[in-house]
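Dear colleague,

I am pleased to hand over the structure below for your review. My findings follow directly after it.

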Amino acid sequence: MVKIAIIGFGVVGSGVYEVLRKNASDITANANTEIDIKYILDIRDFSSHSESHLFVNDVNTIINDSEIEIVVETMGGVEPANSFTRSCLKSGKSVVTSNKELVATYGDELFKLAKENGCKYLYEASVGGGIPIIRPLSKCLAANRIDKIAGILNGTTNYILTRMFNDNASFESALSEAQEKGYAEKDPTADVEGLDTGKKICILSSMINGEKIDFKDVHTEGITKITTEDTEYATKFGSAIKLIGLCERLGDKYSVVVAPMLVGNDSPLYGVDDVFNGIMVSGNMLGDALFYGRGAGKLPTASAVVADVIDIAKNKSDKFIEPWTESKTDVLVPYEEIKTSMYVRVETQDASNAIKFIEKEFGNGIKCEIGCGEFAFITPADTISTINNKLSLIPGTVLSKLMVL
Ligand code: HSE
């Protein structure tokens, strides 16, 4: 038997409890041992819970109990999850987490601590919720050099963009609907400003780089400026608009960026709609693979957490290998030097003159979609700085600019 504790009984933590109770016999068979919840830490009152005897409110009860081998951290946020995780690892307890913010911010330090103390720090649920992505990247695709990861990594923004694209909803009304359905938080900043996607793509990028790629160095744009005009033009260009976390290998450097992008209807990501996530991974031996499914939600995310618990319980003698270390080399291509095509929407009173300018700067034969007092086009691929320099001279006002995946 392996005794565990759950820290944080919110959506994911209570989901972990539910998964362990509902699937107990399958889990025992898969882990080759019984997983026993000894404590649940939460400062709220759970005295009416059917297993109220499990609840404690002092983390030291867990840290000082030598019977506890695995701690599930489902608190979210950096503190106090960070301090609690460090204390658990220092006392030789493995920790399993769904906390992308903590993994993206301090993962390198926590992995090192786990290694030094002969335990493990696993994080499958931190990216893609219930979709297997961390273990496939580190194990199944280990024979590949990963050249590119492009992911729709946030369910809330994908829901909003899908409503805007399919039903012509405005950003504001799609957001309200997402809040009503419980997808978006009351304060939706982390989702709609791309911060959540940013943490997730940094985790995946750090894994393939082997050194930390820091979120604070990554160009991050959200979806708040996308309009229904943009989604209409995107349709005309045979594309959808998706919030993409992108990591692309360029020699020994990486371009990592989070931004709403035009995704063509020939891309597997084009059809990833509603709250679903899709992560496209390109390996130099495999080619492209798409990981698709529910990237958020109580039970899908909890099932990924429990899978990590099972892994530790079953493979106690496995050595823990740090997925990445601290950052030692500057590997990021500056945003302005990233090469991409750009969708551009321009307001002008003189479309024919502006289009002449565009043909001179970007080449003849560029397809323009004309609207009322405005038009849109897609540039050939070039560095963002070169495209921006050319656009600064355009006879008109640039209303939107989006990368093309
Ligand atoms: N708010 C996130 C989403 C939850 O909408 O995808 C999962 O990280």
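Two helices, α7 (155–167) and α10 (195–209), each supply at least two residues of the shell around the ligand. Please keep in mind throughout that this is a predicted model.

The complete set of residues around the ligand is Lys100, Asn154, Gly155, Thr156, Asp191, Asp196, Lys200, Gly295 and Ala296. Sorted by class, this shell comprises four charged residues, four polar residues and one nonpolar residue. As for its location, the ligand sits in the largest pocket.

From the side chain of Lys200, a polar atom lies 2.8 Å from an oxygen atom of the ligand. At Gly155 the backbone is involved: one of its polar atoms is 2.8 Å from a ligand oxygen. Asp191 faces a nitrogen atom of the ligand instead, with a polar side-chain atom at 2.9 Å. On its own, the ligand has 260 Å² of accessible area, and the protein covers 80% of it.

I turn next to the strands. Strands of a sheet pair through backbone hydrogen bonds, in either a parallel or an antiparallel sense. In this model, six strands form an open sheet with parallel pairing, in the order β3-β2-β1-β4-β5-β6. The edges of this sheet are β3 (55–56) and β6 (121–122), each of which pairs on one side only. Ile40 has Phe55 in β3 as its bridge partner.

A further group of pairings involves strand β17. Strand β10 (residues 253–264) runs parallel to strand β17 (residues 397–404), and two bridges join them. Strand β13 (residues 339–347), by contrast, pairs with β17 in the antiparallel sense, over seven bridges. Which residues does Met403 of β17 face in these pairings? Met261 stands opposite Met403, and Met403 is also the bridge partner of Met342.

Most peptide bonds are trans, and most residues other than glycine have a negative phi. The peptide bond from Glu79 to Pro80 is cis, with an omega near 5°. Pro80 is found in the loop between β4 (68–73) and α4 (81–90). Asn32 lies in the loop that runs between α2 (24–31) and β2.

I would be grateful if you would look at these places in the structure yourself.

Yours sincerely,
A colleague

Conventions
Residues numbered from 1 in each chain as written. Predicted model: local features only at pLDDT ≥ 70, side-chain atom pairs only at ≥ 80, totals over all residues. Heavy atoms only, no water. Near = heavy atom within 4 Å. Polar contact = N/O pair within 3.5 Å; in protein donor to acceptor, adjacent residues only side chain to side chain. Areas by Shrake-Rupley, 256 points an atom, 1.4 Å probe, with all protein chains shown as cover. 1 Å grid on protein atoms, 1.4 Å probe; cavity = no way out; pocket = protein on both sides within 12 Å on 5 of 7 lines; lining within 4 Å. Sits in = over half its atoms within 2 Å of the grid points. Helix = DSSP H or I, 4+ residues; strand = E, 2+ residues; numbered from the N terminus. Nonpolar A, V, L, I, M, F, W, Y, C, P; charged D, E, K, R; others polar. Pairing = 2+ DSSP bridges.
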